[in-house]
Amino acid sequence: MASIFSKIVSGEIPCYKVAETNDFLAFLDINPNAKGHTLCIPKKEVDKLFDLDEHTFNELMKFSRTVALAIEKAVPCKRVGMTVVGLEVPHAHVHLIPLNAMEDAQFIKKETLSPEDFEATARTIASCL
Ligand code: 5GP
C-alpha cells in the first residue's frame with residue numbers, strides 16, 4: 001500500500017507545499033513542533049533514509065539544505081535543525097525545524113496553526129527559495 005507521503009506526492013492527499021523538483025518534495029508537517037516545520041521527501045517511496053541509494057540520499061540532502069536556508073530567511077528562529085525519525089511514516093523524510101529552544105527539537109511541544117497560518121508560512125518559505 002502506498003505511504004501517506006506517496007499519496008501526497010500523487011495529489012491524492014493535499015499538503016502545504018514549500019518546494020518541489022522532479023524527484024523531491026518539501027511540505028509543511030501537519031503537526032508541527034514549531035511554525036515552519038517542514039518535511040523533505042524523495043518522491044520515490046523507500047522506507048528508511050539510509051536505505052536510499054547514495055545518489056538519491058545526496059540529492060535529498062542538497063534539496064533539504066536549499067529548503068533549510070529558505071526557512072531560516074522566512075521564519076524567525078535561532079537556527080534550523082534537521083532530524084530524522086521515521087517511526088510514524090515509513091517513507092524516508094527529513095524534518096527541518098526552526099529552533100528557538102531545545103523543546104522545539106523534541107517532538108513534545110506542538111504548535112497549533114490555522115489553515116491560513118499554514119498557507120501563509122508555506123508561501124513565505126517558498127518565496128525565499
Ligand atoms: P516520523 O515518521 O518522522 O516519526 O513522523 C512523521 C511526521 O509526519 C510527523 O511529524 C507527522 O506530524 C507528519 N505527518 C503525518 N501524516 C502527515 C500528513 O498526512 N501530512 C503532513 N503534512 N504531515 C504528516
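The model is predicted, so residues are numbered from 1 along each chain as its sequence is written. The model is a predicted one, where local features need pLDDT of at least 70, side-chain atom pairs count only at pLDDT 80 or more, and totals for chains, interfaces and linings use all residues. Residues are numbered from 1 along each chain as its sequence is written, and side-chain values use heavy atoms, without hydrogens and water.

**The chain**
- Three helices and five strands make up its elements, which are DSSP runs (helices H or I, at least four residues; strands E, at least two) numbered from the N terminus.
- From the N terminus on, their order is α-β-β-β-α-β-β-α.
- The radius of gyration, taken over C-alpha atoms, is 14 Å, close to the 14 Å that the globule rule gives for 129 residues, so the chain is as compact as a globular protein of that length. That rule is 2.2 Å times the number of residues to the power 0.38.

**Around the ligand**
- The shell has 16 residues, and Asp29, Gly86, Val89, His93 and His95 come nearest; a residue is near if one of its heavy atoms lies within 4 Å.
- α1 (4–10) and β2 (24–28) each supply at least two shell residues, and α1 gives the most, with three.

**Polar contacts** (pairs of N or O atoms within 3.5 Å)
- A polar backbone atom of Glu88 is 2.9 Å from an oxygen atom of the ligand.
- Taken alone the ligand exposes 520 Å², and the protein buries 89% of that, by the Shrake-Rupley method with a 1.4 Å probe.

Technical notes: A polar contact is a pair of N or O atoms within 3.5 Å; within protein, one must be able to donate a hydrogen and the other to accept it, and residues adjacent in sequence count only if both atoms are side-chain atoms.
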